[in-house]
Amino acid sequence: MALRSIWNGTVAFAGVFVTIKVHSATEDQAVHFHEVHVDDGARIEHKRFCSKEDKEVPYKEIVKGYEVSEGTYVLLEDDELKAAAGQGSRVIEVEQFVCAADIDPVMFVKTYFLGSQDDGKGAYRLLHDALEKTGRAAIGRWVFHNREYLVAVRPYEDALALHTMRFSDELVAADDLDIPTPSRNPSDRELKMAGQLVETLEATFDPTAFEDTYRERLLEYIEAKAKGKLDKLPRPTDAQDPGDLLAALEASISGKD
Amino acid sequence: MPRSLWTGSLSFGLVNVPVRLMSATRDLDLHFRQLHESDKVPVETQRWCSEEGKQVPWEAITRSYERDDGESVIVTDEDLEAIEPRKTKTIEIEQFVDLADVDPIYFDHPYWLVPAGDDEGATRAYRLLLGVMEQTDRAALGRFVMRAKEHLAIVRARDGALSLTTMRFHDEVRSAKGVPSATGKTAKPSRKELDGAVALIEALGADWKPEAYEDEYRKRLKKVVDRKRKGKTIEIDDSDAKPPEPVPDLMAALQAALEDAKKRKAPAR
């Protein structure tokens, strides 16, 4: 099966060029709905109206505006916005190679796969194998859809993965949180018991062990509604009550044995 | 302190930790509004019934799901409430795993968890969970419902607080198997080439310092807005940079790059 690519270009590091294609690595499986009119079940259309003249505005009469003070906008043409994107570059220039394990996953936004191109197979394999051997990730910048992204390239199974990244000023630091401290810290005994509880729940990460049960339930519900069999669906379950910390720990551990 | 987006409890065995969820990110993007060109006022979206050709108020709109056979099923707010689990205010920890085993491809949006309330019970339970996760170096996997959707989440200790990141389900992550990745014998690098590339990567190696990278795009965009505001023209560079040609001799390119990297590194010491 041919995988559709969304961009093609080159990953360059110090004079070595790896020609690549970019593919999406994730897909949204959420259940999507259409907006409909309650009275007749007909689809809802979105129309753009001028807020002053109360008449529909055709797409070609729409411009982008940045609000500088209330009600005052600086108008920008598409070309002017594009000017900010950076050169129409087809190259992801690697700036540095960093230890992949040092990058906290909160930095990552979206993942793509990089596929090799016929004229650059040797260089692709070389970059993959060398990154794997060194445990490093390549950091560079990528211009995609008129926007420049900071990206990390790292080996993922046999292929290379590319992550778009957040900038550090886009992250809220733990210091910005106001976490109250208890007058008394948890006792060693509590920590030890909590540690035992962690052990009883310890597992090897297996992504396939978690299904989107909400999505399943929603689709099941829709199916039942379509067939007029809603009354046959099972009821959801109840939550449990909170209790005394130590007693709860004890009960949890003995319950697992 | 950022606003809380969700309040509930993190449940771990029979222990409940009352928590508030807040975003771990802030939006620094420049946002633009759609304006009507002739009078420079914002454009607003109106919802119209496609059958009757008239505007529909918000209360008269519901949602419908289109089945594979093309038939539509109306799904009301009450329908969604009916399937929302009643334990909706709980993040139930199901497993503790090694963070290193969880590929970042599964990570979606990061949040912070803080104790809900400053009473002794809430803050001590929070400290207990934080302490035990720091001690065992494990991350917790659990589920919770936020904005009418169930999320899989990973909770771990980060910088002295509990961090929660929503996760993608396994069927939302594509397999890399179909990605052309030059696994054929002819593409396999020689020992010498691999050693050369490893040496080059180490020579270009640096410590990861996230604050060393700035959003140049955001800065340029601000500049464009500023210039335009002052009535200056924006220079537009249409020239596409020429794509580099793949090198015929990888080894020669590696050697040249390696020497270059060594030269650049030497005077810095």
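**Group meeting: rings, helices and a pocket**

Let's start with one residue: Phe49(A) is buried, with a relative accessible area of 8%. Before I go on, please keep in mind that this is a predicted model.

So what does the search for aromatic pairs turn up? Over the whole structure, counting every chain, there are 14 of them. One involves our Phe49(A): its ring and that of Trp48(B) have centres 5.7 Å apart, and the planes sit at 15 degrees, so this pair counts as stacked. Stacked here needs planes under 30 degrees apart. Now look at where the two partners come from. Phe49(A) is in strand β4 of chain A, residues 44-50, while Trp48(B) is in strand β4 of chain B, residues 41-49, so the pair joins two chains. And is Trp48(B) buried or exposed? Buried, with a relative accessible area of 17%; the cut-off for that is under 20%.

Trp48(B) has another neighbour from chain A. Lys47(A) lies over the face of the Trp48(B) ring, 4.1 Å from the ring centre. If you want to see rings gathered within chain A, colour Trp7(A), Tyr112(A), Trp142(A), Phe144(A) and Tyr149(A), which ring pairs link into a cluster.

On to the helices of chain A. Take α2, residues 121-134. At 1.5 Å a residue, its 14 residues should span 20 Å, and the end C-alpha atoms are 20 Å apart, so expectation and model agree. How many of the 14 residues are buried? The count is 10, so α2(A) is mostly covered. Among them are Tyr124(A), Arg125(A), His128(A) and Asp129(A), along with Leu126(A), Leu127(A) and Leu131(A). Just past the end of α2(A) comes Gly135(A), with a positive phi of about 70 degrees.

Helix α3 of chain A, residues 188-200, passes the same kind of check: 13 residues at 1.5 Å each should give 18 Å, and the ends are 18 Å apart, C-alpha to C-alpha. Its buried residues are Glu190(A), Leu191(A), Met193(A), Ala194(A), Gly195(A), Leu197(A) and Val198(A). As a reminder, an α-helix has 3.6 residues a turn, so residues three or four places apart point the same way. Glu199(A) is also in α3 of chain A, but at 57% relative accessibility this residue counts as exposed. Glu199(A) is 54 residues from Ile253(A) in sequence, yet their C-alpha atoms are 9.8 Å apart in space.

Chain B gives us a contrast on that theme. Leu10(B) sits in strand β1, residues 4-12, and counts as buried at 0% relative accessibility. Leu10(B) and Pro42(B) are 32 residues apart in sequence, and the C-alpha to C-alpha distance is 43 Å.

Lys40(B) has a positive phi, near 55 degrees, and is not a glycine. You'll find Lys40(B) in the loop between β3 and β4, and at 45% relative accessibility it counts as partly exposed. Ala182(B) is the other one, with a positive phi of about 50 degrees. Where is Ala182(B) found? In the loop between β11 and α3 of chain B. At 6% relative accessibility, Ala182(B) counts as buried.

Last topic: the largest pocket. Its volume is about 740 Å³. The lining takes in 28 residues, and those nearest the centre are Ala101(A), Leu99(B), Ala100(B), Val102(B) and Pro104(B). Which elements give two or more residues to the lining? From chain A they are α2, β9 and β10, and from chain B it is β10. The biggest share comes from β10(A), with 4 residues. By type, the lining divides into 17 nonpolar, 10 charged and 1 polar.

While we're at β10 of chain B, that strand also holds Arg156(B). This arginine counts as buried, at 5% relative accessibility. Arg156(B) and Ser23(B) are 133 residues apart along the chain, and their C-alpha atoms are separated by 15 Å.

That's my tour. To end where I began, have a look at Phe49(A) against Trp48(B), the stacked pair that joins the two chains.

Technical notes. Residues are numbered from 1 along each chain as its sequence is written. Chains are lettered from A and ligands numbered from 1 in the order in which they are written. This is a predicted model: local features need pLDDT of at least 70, side-chain atom pairs count only at pLDDT 80 or more; totals for chains, interfaces and linings use all residues. Side-chain values use heavy atoms; hydrogens and water are left out. Rings of Phe, Tyr and Trp (its six-membered ring) pair if their centres lie within 6.5 Å; planes under 30 degrees apart count as stacked, over 60 as edge-to-face and the rest as tilted. Buried means under 20% relative accessible area, exposed over 50%, partly exposed in between (1.4 Å probe, protein chains only). A charge sits over a ring if NZ of Lys or CZ of Arg is within 6 Å of the ring centre and within 35 degrees of the ring normal. The expected span of a helix is 1.5 Å times one less than its number of residues. On a 1 Å grid over the protein atoms alone, a cavity is a set of points where a 1.4 Å probe fits but cannot get out, and a pocket is an open set with protein on both sides within 12 Å along at least five of seven lines; lining residues have an atom within 4 Å of a point. Grid points are joined across faces, edges and corners, and a volume is the space filled by probe spheres set on the points. Ala, Val, Leu, Ile, Met, Phe, Trp, Tyr, Cys and Pro count as nonpolar, Asp, Glu, Lys and Arg as charged, and the others, Gly among them, as polar.
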